[in-house]
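Student: I have a model open and some questions about it. Can we go through a few residues?

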Amino acid sequence: MRKKESLLLALLGIAHSLNHSLFLVLPLYLTDVVNEFMTTKEAVGLMAAISGFIYGAGALVGGALSDRIGEVKTLFLSLALAGASTFIFPLAHGLLAFSVALICMSSWASLYHPTANSLISKVFRTNMAEAMGLHGTGGNVGFMFAPIVAVAIGNAWGWRYPLMLFGALSIIISALILRAADAPLTGQVKVRTYDVVKAPGLWTLLAYNVAVGLYFKGVEFMLPTFLRHVFGFPSTLVATSVFLVLAIGILGQWIGGKASDSIGPKGALVTTSAGVPISLLLLLTIPNPSISVLSFVLIYGLCFYGHQPALNSFAGLITSEEMRGAAFGMLFFSSFGLGSISIAIASSLADRYGLEASFYVMMIFSTIALLSSFLTPTQAKKMKA
């Protein structure tokens with residue numbers, strides 16, 4: 001890997017971490033936001049689900065846009081404008097204004113993932129899965145510290161300030177990527193974007209990814225509240241637990257990338273998918289909170305993050321370069337967009353039946369993901385452009 005390519009991958013890793021960090025603040029301060037706006041977890045959860053759907057749906061736009069104007073320009077727009085949107089939150093003193101700020105931030109942030117994955121797949125052709133894993137690892141290294149930073153700043157000055165910090169850093173990174181990256185990857189579309197649906201195996205990957213989104217988004221949103229109110233963890237211990245999930249995810253990303261390159265994407269997907277429902281079952285059934293959370297952190301961190309480089313490299317292998325951004329956009333939408341409904345489901349179940357009920361439903365969704373992983377193709381076949 002050349003020095004310039006290494007620098008680009010490092011910057012993308014930082015950008016990746018900031019993109020996710022923007023969405024880690026609300027789960028940590030869900031109760032505070034609910035109390036400040038005198039509303040319910042269900043109402044805030046519904047707005048989070050809507051913004052999550054937009055975050056996923058916008059990937060369809062981001063992927064197609066990157067195929068037309070280039071990955072570098074699209075990344076700049078995504079990072080800079082998502083960062084700028086966080087400065088709307090200081091003006092938000094009601095649920096409506098809060099929702100507007102959340103939707104603006106989600107809309108611009110949604111362009112990032114398909115664009116970054118498309119760029120990586122074109123720059124790192126010989127070791128694509130490993131580069132995808134390193135991109136994910138770089139993201140985890142950064143945003144595993146985000147909960148600790150968010151809690152430290154949020155407890156001192158309020159939940160809006162960590163959002164603005166992550167937003168300001170996103171703006172800075174957007175400028176650095178624009179300077180560091182070569183930008184010849186523009187105007188490459190020679191075929192109709194929607195022809196990407198003909199890629200062999202893509203629909204199976206999309207179905208699998210919907211199931212992943214249905215458990216992942218609910219777990220991500222409700223885990224801090226679950227640890228706080230079911231196990232009685234203080235906010236610092238909650239942040240530490242989220243930190244550890246992401247820290248273990250670093251190893252998961254690396255192992256998943258290596259495994260996908262060596263044994264194939266399907267073997268990596270099935271293996272990692274099997275660990276997720278097991279981790280949730282242990283979280284819900286082991287009576288000792290310390291053992292329960294530690295078991296969950298280790299297994300979930302390894303397995304959830306381990307599936308990502310395998311899935312992304314699979315998509316890169318079966319699609320042509322001319323429409324690869326669109327393919328990654330569809331994959332991101334299937335997980336983060338369609339899957340965002342689980343935020344509304346989990347928060348509604350928590351209000352009506354308790355937090356445990358919401359996690360049992362997430363475990364059912366993760367079992368569906370495991371079953372669907374067996375349906376993915378054994379070998380990746382490149383589509384014809």
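Tutor: First a term: contact means heavy atoms within 4.5 Å. This is a predicted model, where local features need pLDDT of at least 70, side-chain atom pairs count only at pLDDT 80 or more, and totals for chains, interfaces and linings use all residues. Residues are numbered from 1 along each chain as its sequence is written, and side-chain values use heavy atoms, with hydrogens and water left out.

Student: What is leucine 12 in contact with, leaving aside neighbours within four places in sequence?

Tutor: Leu75, Tyr112, Ala116, Leu119, Ile120, His135 and Ile177.

Student: Which residues of the largest nonpolar core touch the most other members?

Tutor: Leu12, Phe98, Tyr215, Phe296, Tyr300 and Phe359, out of 106 residues. Such a core is a set of buried Ala, Val, Leu, Ile, Met, Phe, Trp, Tyr and Cys residues joined through side-chain atoms within 4.5 Å. Buried means under 20% relative accessible area, exposed over 50%, partly exposed in between (1.4 Å probe, protein chains only).

Student: Which helix gives the largest share of this core?

Tutor: Helix H11, residues 202-229, with 15 residues. Helices are DSSP runs (H or I, at least four residues), numbered from the N terminus.

Student: New topic: threonine 272. Buried or exposed?

Tutor: Threonine 272 counts as buried because its relative accessibility is 11%. Threonine 272 sits in helix H13, residues 265-285.

Student: What does threonine 272 touch?

Tutor: Cys303, Gly306 and His307, not counting residues up to four places away in sequence.

Student: And where is leucine 176?

Tutor: In helix H10. Leucine 176 has a relative accessible area of 40%, so this residue is partly exposed.

How values were computed
Helices (H or I, at least four residues) and strands (E, at least two) are DSSP runs, numbered from the N terminus.
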